[in-house]
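Here's a quick walk through a fold, written for someone who likes the cut-offs spelled out. Have the model open while you read.

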Amino acid sequence: MRLDKFLKVSRIIKRRTLSKEIAEAERVKVNGKLAKPSTKLKINDEIEIAFGRSILKVRVKELKNHVLKDESGDLYEIIEEIKIPYE
């Protein structure tokens, strides 16, 4: 499954176009390497996303094309969430 689609289906990012833009802005890494929106994901891949003042690291648990809102959290597990303090 493509990275941009996974981020949308898992509801980590609300819209696929936004997940594509974030990846193109080099704010997403998969297994420690910068990732493009078309990067193919596998189970157990680690995704690191740099949001404004936080970094979210998750591990892919399942790949599905469609899930209900309540089940979207089952597709990944949060490894770490780092908040960057204001200076």
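Let's start with a hairpin: β3 and β4 form one, with three residues between them. Strands and helices here are DSSP runs numbered from the N terminus (E, at least two residues, for strands; H or I, at least four, for helices). Before going further, note that this is a predicted model, where local features need pLDDT of at least 70, side-chain atom pairs count only at pLDDT 80 or more, and totals for chains, interfaces and linings use all residues. Residues are numbered from 1 along each chain as its sequence is written, and side-chain values use heavy atoms, with hydrogens and water left out.

**The sheet**

Pairing takes at least two DSSP bridges between two strands.

| Pair | Sense | Bridges |
|---|---|---|
| β3 and β4 | antiparallel | five bridges |
| β4 and β5 | antiparallel | seven bridges |

Leu 56 is a handy landmark in β4: Ile 49 stands opposite Leu 56, and Leu 56 also stands opposite Glu 81 in β5. Val 60, for its part, has Tyr 76 of β5 as its bridge partner.

**The helices and the core**

In α2 (residues 16–24), Ser 19, Ile 22 and Ala 23 are buried. Looking down the axis of α2, these buried residues fall within an arc of 100°, so they line one face of the helix; the arc is that of the directions from the helix axis to the C-beta atoms. Their cover includes α1 (3–9), β1 (28–30) and β3 (46–50). After α2 comes Glu 26, with a positive phi near 60°.

The largest nonpolar core has 20 residues, and Leu 3, Phe 6, Ile 12 and Ile 47 have the most contacts inside it. Such a core is a set of buried Ala, Val, Leu, Ile, Met, Phe, Trp, Tyr and Cys residues joined through side-chain atoms within 4.5 Å. The elements giving two or more residues to this core are α1, α2, β1, β3 and β4 (54–60), and the largest share, four residues, comes from α1. Leaving out residues up to four places away in sequence, Leu 3 touches several others, including Ala 23, Val 28, Val 30, Leu 41 and Ile 47. Contact means heavy atoms within 4.5 Å.

**Overall numbers**

Contacts between residues 24 or more positions apart make up 43% of those with a separation of 6 or more. Buried residues account for 31% of the 87 residues. The protein exposes about 5,800 Å², of which carbon and sulfur atoms supply 48%; accessible areas come from the Shrake-Rupley method with a 1.4 Å probe, and for residues only the protein chains shown count as cover. The C-alpha atoms fill a box of roughly 40 × 25 × 20 Å along the principal axes.

Note on methods
Buried < 20%, exposed > 50% of the residue type's maximum accessible area, 1.4 Å probe, protein only.
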